[in-house]
Amino acid sequence: MITSLLLAAEGLAQLGCGIGAGIAVIGAGLGIGKIGGSAVDAIARQPEASGQIFTQMILTSAFVEGCALFAIAACAFLI
Amino acid sequence: MKQLKSICLLLMLALLPLPLMANEQKEDGEALNIPELVLEHLADAYEWHITTIGDKHIGFDLPIIIRSSQTGEWFFCTAHTLPDGFFFNEEAHGKIYERVDGAAVRPLDLSITRNVLQIWIVVAVLLVVFLCCARWYKKHDKTDKAPGGFVGAMEMLVMMINDDVIKSSIGEKHYKKYAPYLLTVFFFIFFTNLLGLLPIFPGGSNVTGNINITFFLAVCTFLAVNLFGNREYWKDIFWPDVPVFLKAPIPIMPAIELFGVFTKPFALMIRLFANMMAGHAMILAFTCVIFLGWTLGPAMGTGLHLFSAIMLLFMNTLELLVAFVQAYVFTMLSAVFIGLAHKEHGH
């Protein structure tokens with residue numbers, strides 16, 4: 001009885017880990033997609049600034065990914 | 001017609017491991033445990049394993065230097081010649097533990113593990129590269145034309161970090177004090193990330209994906225920011241410019257600001273660690289998929305092999321970009337934090 005409870009708890013923890021990582025990646029995908037979209041719009045408006053815009057886009061994507069990876073690192077503890 | 005030859009060459013390269021896999025006989029009891037393989041490559045180890053041809057392990061043992069917590073005696077050995085009383089504790093990620101009265105105790109462990117050796121290799125590469133570049137500047141006059149070739153490329157990289165990141169974040173007055181630390185951090189992280197992508201000996205160890213390394217780098221940034229912050233900075237933390245009810249009876253805002261002093265380096269640590277570990281894990285997972293495909297039979301094998309080879313090419317290229325971006329972001333954020341600690345009044 002106790003062992004089946006413990007096994008179920010461990011399975012639930014792993015399930016929680018997977019679901020958490022999935023939800024975190026949804027946020028990251030939305031964020032980086034928005035960044036990419038704005039960057040492409042800006043380049044379409046002013047092609048001469050495309051170098052600077054590209055740099056800014058890569059930089060901001062790194063921050064957004066940092067947040068998502070926070071969540072994934074936290075979920076990894078649950079495995 | 002010329003492109004057809006290049007495409008065929010690429011396909012041949014992609015299927016190169018084919019004959020090796022055809023000869024390999026997997027013993028029946030040994031299933032391919034992908035998570036374990038991936039974690040083993042990501043973790044630190046007491047020996048540097050290069051490859052396994054058939055039954056022979058090719059690699060070299062690294063020195064283990066431990067001091068027993070019970071007798072205080074130092075032991076120098078390798079992973080195959082551990083003295084009595086010490087063992088590799090599987091529950092503690094394979095680290096060396098000592099059996100003291102039935103309990104497992106961690107001795108003082110100063111071994112040269114794989115990550116330590118990799119850091120030394122990176123340090124050697126950094127010294128060679130930058131001392132060579134410095135020698136060029138010593139031999140040439142200020143009025144000569146700019147260097148070309150390798151020295152020119154390094155100068156371009158250093159000047160880009162110096163001007164766009166360090167000088168613009170910290171300001172003209174103070175940037176020279178912090179430029180050595182920030183440039184070192186940038187090139188250390190960049191070169192370590194790059195060497196981690198090489199699959200074979202002088203590279204291949206996952207250093208920045210180890211949270212202890214990134215923890216130390218974050219602590220260095222924490223010290224650089226807080227030990228040298230000016231009064232303006234500490235005043236903004238403990239008595240910020242907000243309405244009095246948020247500061248006086250219960251210091252809500254000062255508590256939040258103090259918390260922020262610790263979370264900013266913590267975020268630096270986690271960002272670098274998670275990015276590099278995730279990248280390495282994905283590359284290792286795609287490589288393991290190739291082996292998994294071949295155990296399922298030749299049809300699945302070829303399909304998964306081609307798919308994985310293309311994905312591996314893509315992932316490795318992405319990791320090259322990520323190596324540079326993560327080093328750049330770490331340096332830029334550290335520069336911004338240091339700049340915030342030296343804010344002039346009235347900005």
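Modeller: Chain B contains 10 helices and eight strands, where helices (H or I, at least four residues) and strands (E, at least two) are DSSP runs numbered from the N terminus. The model is a predicted one, in which local features need pLDDT of at least 70 and side-chain atom pairs count only at pLDDT 80 or more, while totals for chains, interfaces and linings use all residues. Residues are numbered from 1 along each chain as its sequence is written, and chains are lettered from A and ligands numbered from 1 in the order in which they are written.

The C-alpha trace of chain B spans about 75 × 70 × 50 Å along its principal axes. Chain B is divided into domain 1 (63-111) and domain 2 (114-340), with bounds that come from an automatic or database domain assignment. The centres of these two domains of chain B, taken over C-alpha atoms, are separated by 33 Å. Of the 347 residues of chain B, 24% count as buried; a residue is buried if 20 or more other C-beta atoms, placed from the backbone, lie within 10 Å of its own, exposed if 12 or fewer, and partly exposed in between.

Helix 7 of chain B comprises 16 residues, 211-226, which at 1.5 Å a residue should span 22 Å, and its end C-alpha atoms agree with this, being 22 Å apart. The expected span is 1.5 Å times one less than the number of residues.

Which residues of helix 7 of chain B are buried? They are B:Ile213, B:Thr214, B:Leu217, B:Ala218, B:Thr221, B:Ala224 and B:Val225. These residues lie on the same side of helix 7 of chain B because they cover an arc of only 135° around the axis, the arc being that of the directions from the helix axis to the C-beta atoms. An α-helix has 3.6 residues a turn, so residues three or four places apart point the same way. On the other side of helix 7 of chain B, the residues B:Asn212, B:Phe216, B:Val219 and B:Leu223 are exposed. B:Phe222 also belongs to helix 7 of chain B; with 19 other C-beta atoms within 10 Å, B:Phe222 is partly exposed. Between B:Phe222 and B:His80 there are 40 Å in space, C-alpha to C-alpha, and 142 residues in sequence.

Nine residues of chain B are in contact with nine residues of chain A, contact requiring C-beta atoms, placed from the backbone, that lie within 7 Å. Helix 9 and helix 10 of chain B each supply at least two residues of the side that touches chain A, and helix 9 of chain B gives the most, with six residues. That side of chain B consists of six nonpolar, two polar and one charged residue. Here Ala, Val, Leu, Ile, Met, Phe, Trp, Tyr, Cys and Pro count as nonpolar, Asp, Glu, Lys and Arg as charged, and the others, Gly among them, as polar. Chain A itself has two helices and zero strands, and its C-alpha trace spans about 70 × 15 × 10 Å along the principal axes.

Conventions:
Contact = placed C-beta atoms within 7 Å.
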